[in-house]
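Subject: Structure for you to look at

Hi,

Here is the structure I said I would pass on.

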Amino acid sequence: MVTGGVQQPSGATRPHPSGPLSTGLAADLHALARAVAVTAAEPRWRETVLLRLRPVGQGFAEHVRVTEGPAGLYRELLTHSPRLDHGIRSLTREHAAIVAAILAVQRVAERPEAGSDELRHRAGHLLRALARHRRRGANLLWQAYQTDLGGET
């Protein structure tokens, strides 16, 4: 038996389960960082980096699909919070740059003559870009839901 009033759902949207960057992608990023950190003298180091890069690329492609797709998170946010347009456009531009960074790491890792320092540099750039993107996405969601749910602005 239910007592008391029935609470109606808020008109605000809810955070998307694939959020700024999904938990699975975060785990893949940690695995890539660990693979890059291993000494380059390890047998099959480059192959391991490539192996760990593949799920990062796949996870990020899924993130882009979930956020930019026709029924994606960004469209939903803009419907309820048009003031976030600039931030959403910025995150969308970052998607293209991050895809390019993923491809750059892949190309360097596939070239045996490329130095390990170059591969580490490219991978570090990618990991930092993804960390910044994750922070910016989380901040954007915070702005959307903090205001929409009646928090302080």
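Below is what I found, from the whole chain down to single residues.

First, the ground rules. This is a predicted model, in which local features need pLDDT of at least 70, side-chain atom pairs count only at pLDDT 80 or more, and totals for chains, interfaces and linings use all residues. Residues are numbered from 1 along each chain as its sequence is written, and side-chain values use heavy atoms, with hydrogens and water left out.

**Confidence**

The average pLDDT (the predictor's confidence in each residue, from 0 to 100) is 84 for the protein chain, and 81% of the residues score at least 70. Residues 1–18 have a pLDDT below 50, and this stretch makes 14 contacts in the model beyond near neighbours in sequence. A contact here means heavy atoms within 4.5 Å.

**Overall fold**

The protein chain has five helices and zero strands, so reading along the sequence you get α-α-α-α-α. Helices (H or I, at least four residues) and strands (E, at least two) are DSSP runs, numbered from the N terminus. Of the contacts in the protein chain with a separation of 6 or more, 74% are between residues 24 or more positions apart. Buried residues make up 36% of the 153 residues; buried means under 20% relative accessible area, exposed over 50%, and partly exposed in between (1.4 Å probe, protein chains only).

H1 covers 23–37. Its 15 residues should span 21 Å at 1.5 Å a residue, and the end C-alpha atoms are 21 Å apart, which agrees. The expected span is 1.5 Å times one less than the number of residues in the helix. The buried residues in H1 are Leu25, Ala26, Leu29, Ala31, Leu32, Ala35 and Val36. Ala26 counts as buried because its relative accessibility is 9%. Ala26 is also 9.3 Å from Arg134, C-alpha to C-alpha, though the two are 108 residues apart in sequence.

In the loop between H1 and H2 you will find Arg44. Its phi is near 65°, a positive value in a residue other than glycine. Arg44 counts as exposed, at 59% relative accessibility.

Gln58 lies in H2 and is exposed at 52% relative accessibility. From Gln58 to Leu25 is 8.7 Å, C-alpha to C-alpha, across 33 residues of sequence.

Buried residues in H4 include Ile88, Leu91, His95 and Ile102.

Which residues line the largest pocket? They are Leu50, Leu53, Arg54, Gly57, Phe60, Ala61, Val99, Ile102, Leu103, Gln106 and Glu110. The elements that give two or more residues to this lining are H2 (45–68) and H4 (85–110), and H2 gives the most, with six. By class, the lining has seven nonpolar, two polar and two charged residues. Ala, Val, Leu, Ile, Met, Phe, Trp, Tyr, Cys and Pro count as nonpolar, Asp, Glu, Lys and Arg as charged, and the others, Gly among them, as polar.

About 160 Å³ of space lies in the largest pocket. A pocket is an open set of points on a 1 Å grid over the protein atoms alone, where a 1.4 Å probe fits, with protein on both sides within 12 Å along at least five of seven lines; lining residues have an atom within 4 Å of a point. Points are joined across faces, edges and corners, and the volume is the space filled by probe spheres set on them.

**Arg120 in H5**

Arg120 sits in H5 (residues 116–148) and is partly exposed, with a relative accessible area of 26%. Leaving aside neighbours within four places in sequence, Arg120 is in contact with Val36, Ala37, Val38, Thr39, Ala40 and Trp45. Arg120 and Val49 are 9.8 Å apart, C-alpha to C-alpha, and 71 residues apart in sequence.

Cheers
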